[in-house]
Amino acid sequence: MSWLPEASSHAGRVDVLLAGLVLISLAVLGLVFGLMFLNIIRFRVGSQMPVPHEVVAHKSWRFEIGWTTATLVIFFALFVWAARLYVVGFQPPAGAIQIYVTGKQWMWKVQYPGGQREINSLHVPLGRAVQLLLTSEDVIHDFSIPVLRIKHDVLPGRYQSLWFIATRTGSFRFYCTQFCGIGHSRMTGTLVVLNSTDYADWLDHTPASGSLATRGEALFISNGCSGCHVSGRYPPDAQEPGRAPSMVGLYGSIVPGPDGRPVRVDGAFVHDAILHTGAGRFPKGRYTTEMPSFRGVLGEDELAALVAYIQTLSSSTPPGMGALASPPREGR
Amino acid sequence: MAPMPGSERNYLWQDGTVRSWLLTTDHKRIALLYMASITVFFVLGGIAAALIRLHLIVPTGAIVSDETYSRLFTLHGIVMVWLFLVPSIPVTLGNFLVPLMLGARDLAFPRLNLLSWYLFVMAGMLVVYGLFRGGLETGWTFYTPLSTDYTQGRVLPVVAGVFLSGFSSIATGVNFIISIHQLRAPGMTWYRLPLMLWALYATSVIFVLATPVLGITLLLLGFEHFFHVGVFDPALGGDPLLFQHLFWFYSHPAVYIMILPGMGVVSEVVSTFCHKPVFGYRFVAWSSISIAAIGFLVWGHHMFVAGTSLYAAVVFSMLSFLVSVPSAIKVFNWLGTMHGGAIRLDTPMLYAMGFIGLFTVGGLTGLFLASLASDVHLTQTYFVVAHFHYIMVGGMVSAYFAGLHYWWPKITGRMYPEMWGRTAAALLFFGFNLTFFPQFLLGYEGMPRRYATYPAQFQVLNVLSSAGASILALAYVLPLVYFTWSLFRGARATDNPWQATGLEWRTSSPPPTENFAQAPIVTHEAYDYAALAQAEDATRRETPHG
C-alpha cells in the first residue's frame, strides 16, 4: 500500500498497522467464504459428495468457546497495538515549532511564530517537530493530512493540537474532512515540506509584520491585560500588585484548572482562559476582581499572537521558534 | 381487482375498501401499509444516491452545484436512515411476523400499531417538506453549530419529522416487547422462539431505550434555536461536543437497530434452506441481546478525532472491539448451520449468503475504525462511507430482500419468479461490491466524504464506483418489477413452500384475518425438522389427497 506517500515515520507505522489489519481481514474472509463454498459444494441438495454421518452438533460447546476466545484474543491484540500508536499523538515533544491554524468557512489561515501568514498553504521544515494549534472561527472543521496519516477536528472557541515530524520534502494536499457547509470541498490546501535551508529562505522571503510574539505584546498592552497581569516589562499600573496572576513563568507551569485539578499551562489553556473567564470558571483565590471574557473582542489571529507572547515570558520553554531544539524522537 | 373465488377469508380481501385499509388494526395490513411507505422513501433516497454518484464521475462535479450536492447527500442520509433503514425490517416483516411466529391473533396493542404508522407517515411528510421546500445542508448528523447558526436550510421541519418518527419507533418497540412477553402460544417458551424474535426483541429494547435520547437532543436543538439558550453553541456558552455525544448515544445503538433484524432474518433463512436447526441456538439468541447491550457503550468511537480525552478514546476503542465479538459468533454459527445441512440455493438463501459475506467485510473494516491509530487516518473519509454501506446496504438491504422473498408467498399467497429472483440477488452482490469496494481505497488515499468536487487523482475509483451504482440500481428495480408482476400473475403459493418450521407456515398463505383457524400449541423446539416431517406424514395419512 504505497501509492499514498508516507511523509513521516508515524505514517509508516500506521501503514504497518493497516497492513496487519488487512492480513487478518483477508484470513477471516478466506475462512468465511471458503467454508461457505465448501459447505455448498458438499451439502447442496443433489450434491454427489458423500455426506458424513457424524454431525458436529454434539461438539457445539467446544466450537463456540473456541471461536469466541480466538476472536477475543485477536481483537485485544489489535486494540493494544493501535492504542499505543494513538497515544503518541497526545504528547507533542518540547521545542516543537508552533504554528497556528485557524479554519473558517471556507479557508485555512496559517500564522507562523515569525509573524508570517498565509492562506490554504502550510510550510514546514523537514525533520523538525511541528505542533499545529488548531481552532475555528465558526463551525467545526477538521484538519486532515493524509500523507502524515493524521487529522483532528477543529472546534470553535478552543485549541486542538496535532504534531508531526515530516520526513519527506514535497507538496502534499491537506483537506477539511468535517462537513462545514456548502464550500466544504473547496477547503483544501497544500502542505509544503522544505529542507532546512529552503525553509529558512522561505521564512526570510515571506513578508511578516513583526513576529507573532511582538504583535502579542502590543495586544497585551492595548487590550489592557497589562493593567492587571504582571508581565516583566510592563508592571500593572494599579496600586495593588496582586490583582491578577503574573504571566511571568506561567506558561509550562502547573496551576489549578477549572475543575480544581492541577493542569499544565499550554497554548490551549491560555487561549481558553482569555475567552472563557467569568464566574466559577477559575477559583478566584486571593484576587479581588474577576477578569472579563474577551470572547467577541479578540479574533483568533489576535489570540494566537497573545498565546505566542505569553510563551516568551517563560524562560523554560523556547518561544515557539525552537531554533536550537534538537528533533526529539517521535513517539516513545 | 375483484377478489378471487375462495380467497375472501384471507386478510388481503376480507374487506377491500380504502377505508378498511386506512383504519385497519390488523398487523398484517399495517405491515403492508408500512411496506408501501418505506418503498416510496427507499426510491426517493435511491434517486438521491444515483444523482450523487452521477455527479461524482467528474472531479469538478458533473451535474449540480455544491449547494444542491450538499442537499442531495443530506436528503439521502436522512431519508435512508430514518425513513427506510430504521423502520425497514421491524415495521414490515416484523409487524407481519411477530404475532404469526408467536401463534397470536395480533400484536398486544393493535391500535397503537396503527398510530405508529400514522406518526411515521406524518414524520415522513414533514421531512420531505423540509428537504424540498428550502432544502437542508447539514448532513444527516445535524452537527452543531453548523445546523444551528450557519445554515439557511429548513432545519426545523426536518428535525421535527425525525423527532416524530422516533415516537413511531418507540410505539413499535413497546408493542413488540409486550407481545413477545405476553402473547406466546401455549408451549412457546423463550428458548423455543424463532431467532427472528430474539433479534426483534433486542431491536425493540434499543428502540425504547435509545430513541428518547434522540428526542431530547432534537428538543434541545430547537430550544437553542428559538430561545438562544446555550446548549451546544459555543458562542452562547454551550459545547458543540455535547451534541455529538448525545447524537451518537442514540445513533450508534441505531446502527444495531439497522442490523439486528437483518441477522434475525438470516438465521431463519439459513436454517430453512439448510433444512437444519441453527447451530448454537442459544449463542445466536444471546448474541443479539449482548449486541444490544454493549451497543450502548460504544458511541465514543465516532469521536476519536473530535477532541475527547485520551482516556475516553482508549476505553471506547476497547469496547468497540468487544461489541464485534457477538457478531463474529453469529457468522460462525451460520456457517456451522450450513455444515451437514441439505442446502438449497433459492433466492432467499442467495441473499442471505450475500449478507454473510458483505456483513463480514463491513464488520472487519469496522476493526480498522475501532483501532485508534488507523481510525485517525481513515475516519471522515470514503473508507467510513464504504464501511457503513457494507453493513447497511450489503447487510441490511440484502437481509430485507432475503426476508421479502422468503415470506412473499406467505404475505401475498403468490410465488415470485425464481430465475429473476436469483438474477437480482447476484446483481445486488456484484453491483454492491463494485460500488463500494473502490471507496475503501479512496478513503485510504485520503478522499474526504461529503465533497462535491475532488482532486483529479481520485477520478478512476469514483468512476468505478458510479459504474457499480448503476448495476446496483438495476438490482433494486428488478424486484420492484417482478414482485408487482407476481402479485397478479405469480403461481399460487402453498402453505409451506420452503418446508420451514415456524408457526407462520402452519396457517394458510395468505393467512386469514385472525391468523390461525385453531390457536396453535407448540410442542417442539424451534427448527425441529424431524418433528415437521412426522407431522406432515401424519397429515398425509389422514387426508390421502393432501
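User: Which residue is the bridge partner of A:Y175 in strand 10 of chain A?
Analyst: This is a predicted model. Strand 9 of chain A covers residues 170-176, and strand 10 of chain A covers residues 188-194. The two run antiparallel, joined by 6 bridges. In strand 10 of chain A, the partner of A:Y175 is A:T188.

User: Do strand 4 and strand 10 of chain A pair in the parallel or antiparallel sense?
Analyst: Strand 4 of chain A spans residues 121-125. One of its residues, A:S121, has A:T190 of strand 10 as its bridge partner. Over 5 bridges, the sense of the pairing is parallel.

User: Which helix of chain B gives the largest share of the side that touches chain A?
Analyst: The contact takes 65 residues from chain B and 65 residues from chain A. On the chain B side, the elements giving two or more residues are helices 3, 12, 13, 14 and 16. The largest share is 15 residues, and it comes from helix 12 of chain B.

User: What is omega for the cis peptide bond that joins B:S509 and B:P510?
Analyst: Most peptide bonds are trans. B:P510 sits in the loop between helix 17 and helix 18 of chain B. Its bond with B:S509 is cis, and omega is about -10°.

User: Where is B:P145 found?
Analyst: The peptide bond from B:T144 to B:P145 is cis, with omega near -5°. Helix 5 of chain B covers 110-132, and helix 6 covers 146-149. B:P145 is found in the loop between helix 5 and helix 6 of chain B.

User: Is B:R450 buried or exposed?
Analyst: B:R450 lies in the loop between helix 16 and helix 17 of chain B. Phi here is positive, about 65°, although the residue is not a glycine. The cut-off for burial is 20 or more other C-beta atoms within 10 Å. B:R450 has 21 such neighbours, so it counts as buried.

User: How many other C-beta atoms lie within 10 Å of B:Y527?
Analyst: B:Y527 is placed in the loop between helix 17 and helix 18 of chain B. Phi of B:Y527 is near 60°, a positive value in a residue other than glycine. B:Y527 is buried, because the number of other C-beta atoms within 10 Å is 24.

Key. Residues are numbered from 1 along each chain as its sequence is written. Chains are lettered from A and ligands numbered from 1 in the order in which they are written. This is a predicted model: local features need pLDDT of at least 70, side-chain atom pairs count only at pLDDT 80 or more; totals for chains, interfaces and linings use all residues. Two strands pair if DSSP finds at least two bridges between them. Helices (H or I, at least four residues) and strands (E, at least two) are DSSP runs, numbered from the N terminus. Two residues are in contact if their C-beta atoms, placed from the backbone, lie within 7 Å. A residue is buried if 20 or more other C-beta atoms lie within 10 Å of its own, exposed if 12 or fewer, and partly exposed in between; C-beta atoms are placed from the backbone.
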